[in-house]
Amino acid sequence: MAKHKTPMLDQLETGPWPSFVSDIKQEADARAKNEKGLDYQIPVDCPEDLLGVLEMSYEDGETHWKHGGIVGVFGYGGGVIGRYCDQPEKFPGVAHFHTVRVAQPNGKWYNTELLRNLIKIWELRGSGLTNMHGATGDIVFLGTTTPQLEEIFWELTHDLEIDLGGSGSNLRTPATCLGMSRCEYACYDTQELCYNLTQEYQDELHRPAFPYKFKFKFDGCPNGCVAAIARSDLSFIGTWKDQIKVDQEAVAAYVGGEIAPNAGAHAGRDWGAFDIQKEVVDLCPSKCITYADGKLTIDDKECVRCMHCINTMPRALKVGDERGCSVLCGAKAPILDGPQMGSLLVPFMEVNKEDDYQSIKDLIENIWDWWMEEGKNRERIGETMKRLGMSALIDAAGVPVDPRQVQEPRHNPYIFWKAEDVEGGWDRDINDFRKRHQR
Amino acid sequence: MAFISSGYNPAKPMEGRISDIGPRHFGEYLPPVIKENFGKWDYHEIIEPGILLHVAQSGDKTYTVRAGTARLMSVTHIGEICDIADKFSGGYVRFTTRNNLEFQVETEEAAKELKSFLNDQKFPGGAHKFPVGGTGAGVTNIVHTQGWVHCHTPATDASGTVKATMDVVFDDFQSMKLPAPVRISMACCLNMCGAVHCSDIAILGIHRKPPLLDHKYLDNLCEIPLAVAACPTGAVRPSKIEIDGETYKTVAVKQERCMFCGNCYTMCPSMPLADKDGDGIALMVGGKISNRITKPAFSKVVVPFIPNEPPRWPTMTKVIKKILDTYAADANKYERLGDWANRIGWERFFEKCELPFSEHLIDDFRDPAYYTWRQTTQFKW
Ligand code: HEM
Ligand code: HEM
Ligand code: HEM
Ligand code: SF4
Ligand code: SF4
Ligand code: SF4
Ligand code: SF4
């Protein structure tokens, strides 16, 4: 017997897509039955109260979560988001309902042992409800009370050797595509770099010292499966410098119809026979492919590495061997000054595990030093860049100026020349000027 | 309920404390075939919707079965996922960035068997638990934010709008008949934790009424200078007000300058702006992040406002379906939604999708607005 009537939410139990309402009800039942005989550490009926408060929002068209409440674990500035219900008398089970962010394994691979251990903690000490995963990438445990926070942290670190993720004005939990673990396009080991930098910067992750949040994301290639270019203050996107490798026999197999184009991604509709001219050559954005006499040729110097030809014929074309990553800076969502895409800062960087990624760390630290010095409170680095200019960032990052950093040169000639740019500097003598010009 | 201690001693919080250890290394969780062929994959194929084949240089093969989920999931549900992984995929499972599940199996037969098993799992209300799909030129799972389930600033619900949308586009989740992949994303306020600003179709919760002012409490709950500084348009200023003969320090809001971003509320709980009639949804389209053929692009607002219609948001889902179907019928193979709209022209996009164009769709927010106005006489009637 449900604790609250939820006629509106119940309508979300029908339809084919997985229903979060059905699942919360399933959890409510499991907790009510308590077949394992657990001594639940927060109210048993919190899933039901969550449904109750959500139903109320469906009626009111307004949220019933209060804002704020600083809670956390000792010594950390992030990892926990305080949350209180604004109808605590009606829904005591969720009166206090804090979120805990837990560091996910990079690439989000799990074994069931780890998952079962994680949910065991959350079944006992939390609501039993999670987000797998939060949008930043962490595991999100949804709803517990303040006295449980240290206990959860203790069990995570002692029993599972796992830490909390980031929240607040700090480095957020870095996230990566699955990269080399299962993708032939990966130009560098995204997961290892992500892991290494996450470990290197634990202090920055847990103790807010920045003007605002800072995100790293790692895409193994320009396809951008974790949306690094759009979602991270510093994006590491795999790329290559040399030639796309062409297997002419496989090209012939695509042309002959023996292999489906685009790895079969269009199989649901009859698009007609594969037409290499129309589907590959003509769509290449830099028009650097020719197909003649059964042979595909790429003028690699003109290729912009958009991935289209490779995505279309993955068995015939492979990314080059001289691999590394491009580094882009400054992506963010619209708040406050409108959305920003990452801007290309370093066209090509080696991703070198041998020296513990030192050149990447040097770059990161240069950029942070500048932002911590120049950034205003609650200003994302993309906004600092906009305010002070790309050149200031390039200078601070200590990277060479390069035409690849712009789409096109400036439209206005209001150039901020510096004294040292000009022969003789800016110091001049008015009397000397007057010798040549009457007053 | 008796308190169960983990071993943590509040009297000595530093005793035995472990901190800053980060995540576990991902290498511990890779299925054997993935580990052995790490960095040595040769090519992949989509065998059928929801089933991928990856072939390594060594000749090793692995089949991936991909299934959608509601990302809000219970521990009971995760337990079910574990049971499936133990039974079918050697105890390994992966979550994708878009909240799909992936199981690795060894043979095509095993993949098909797992696919039909997953498709058979249903909740009592009839919804699938693990519908297989989300590959290739189709719609994949919607990334989204917290909504009314857990956040203080939402203008709409997230899980509910996503469920309603996925129900309507479910066929395109389980098939691959669109011209190109379509990524739908959802964020319940302008903060866009779900960062929808570069998605083919974006569902965005928006407020339309300036903040309410809880004058009597404001100075106690908020740092007034922070609330003032938070406003990106300078609409908030310190002020005083007299109520029942008493003077309160508070703020005043220049309402015509408000763009309803909610930043002031983030800084000051005494400035709520949610409202049943004021709040609703804006739809944005034409963004992408991949560099394939064309550059990454921002989503554009094409419907400035749709009222909240819980539990199923029928107007919103109808418009989404119309846009998706029009695109599917009209676009070229490999052409992303935004590239199609750019090719036919946005004026034509509105015509074909039968969407009205209003003054709310002409950007007037600071400098970047200028780059969205038309500076040519090349246009279409
Ligand atoms: C004024 C600015 C912002 C405030 C006050 C804010 C507040 C919050 C809060 C309270 C949450 C937790 C929601 C919950 O789990 O209950 C959250 C989550 C999150 N925020 Fe923000 N946020 C802001 C800006 C942003 C921006 C600009 C982004 C990025 C685009 C962002 C990204 C995220 C992400 C990724 C999450 C996790 C969402 C999830 O797990 O689904 N936030 N934010
Ligand atoms: C073997 C693994 C994968 C391959 C070969 C692959 C391939 C691709 C390709 C070819 C694109 C470009 C699509 C286009 O613009 O036409 C792409 C984009 C993308 N992929 Fe993947 N992908 C893989 C895994 C994943 C996974 C596991 C996810 C997450 C669930 C994912 C999420 C995305 C996203 C979000 C995009 C960007 C779409 C956009 O531009 O908005 N990919 N991927
Ligand atoms: C498909 C196209 C997508 C585009 C164009 C896109 C774009 C963006 C952008 C520009 C931001 C702002 C980032 C910031 O200010 O930090 C953002 C944030 C976010 N996006 Fe996306 N995103 C896409 C897909 C995804 C995917 C696949 C996920 C997650 C799995 C996701 C989750 C988020 C989250 C959680 C944020 C907020 C915080 C963050 O930056 O992590 N989005 N997205
Ligand atoms: S970003 Fe590139 S390397 Fe990474 S998973 Fe996507 S397609 Fe593969
Ligand atoms: S990767 Fe893109 S630019 Fe380069 S050859 Fe292929 S289609 Fe052309
Ligand atoms: S998008 Fe806005 S309302 Fe939604 S979770 Fe993020 S901050 Fe909260
Ligand atoms: S909602 Fe945004 S624009 Fe409006 S007053 Fe608050 S901070 Fe200013």
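1. A:Lys215 touches A:Thr136, A:Arg172, A:Arg231, A:Ser232, A:Asp233, A:Leu234 and A:Arg380, leaving aside residues up to four places away in sequence; contact here is heavy atoms within 4.5 Å. A:Lys215 is buried but has no salt bridge, and the nearest side chain of opposite charge, A:Asp233, is 6.1 Å away. Buried is under 20% relative accessible area, exposed over 50%, and partly exposed in between (1.4 Å probe, protein chains only). A salt bridge needs a side-chain nitrogen of Lys or Arg within 4 Å of a carboxyl oxygen of Asp or Glu. Lys and Arg count as positive and Asp and Glu as negative, with His and the chain ends not counted.

2. A word on the basis: this is a predicted model, where local features need pLDDT of at least 70, side-chain atom pairs count only at pLDDT 80 or more, and totals for chains, interfaces and linings use all residues. Side-chain values use heavy atoms, without hydrogens and water, residues are numbered from 1 along each chain as its sequence is written, and chains are lettered from A and ligands numbered from 1 in the order in which they are written.

3. Over all chains there are 47 salt bridges. One of them joins A:Glu200 and A:Lys361, with the closest N and O atoms 2.9 Å apart. A:Glu200 is partly exposed at 40% relative accessible area, while A:Lys361 is buried at 1%.

4. Another salt bridge pairs A:Lys332 with A:Glu383 (3.3 Å, N to O). Both ends are buried: A:Lys332 has 1% relative accessibility and A:Glu383 has 7%.
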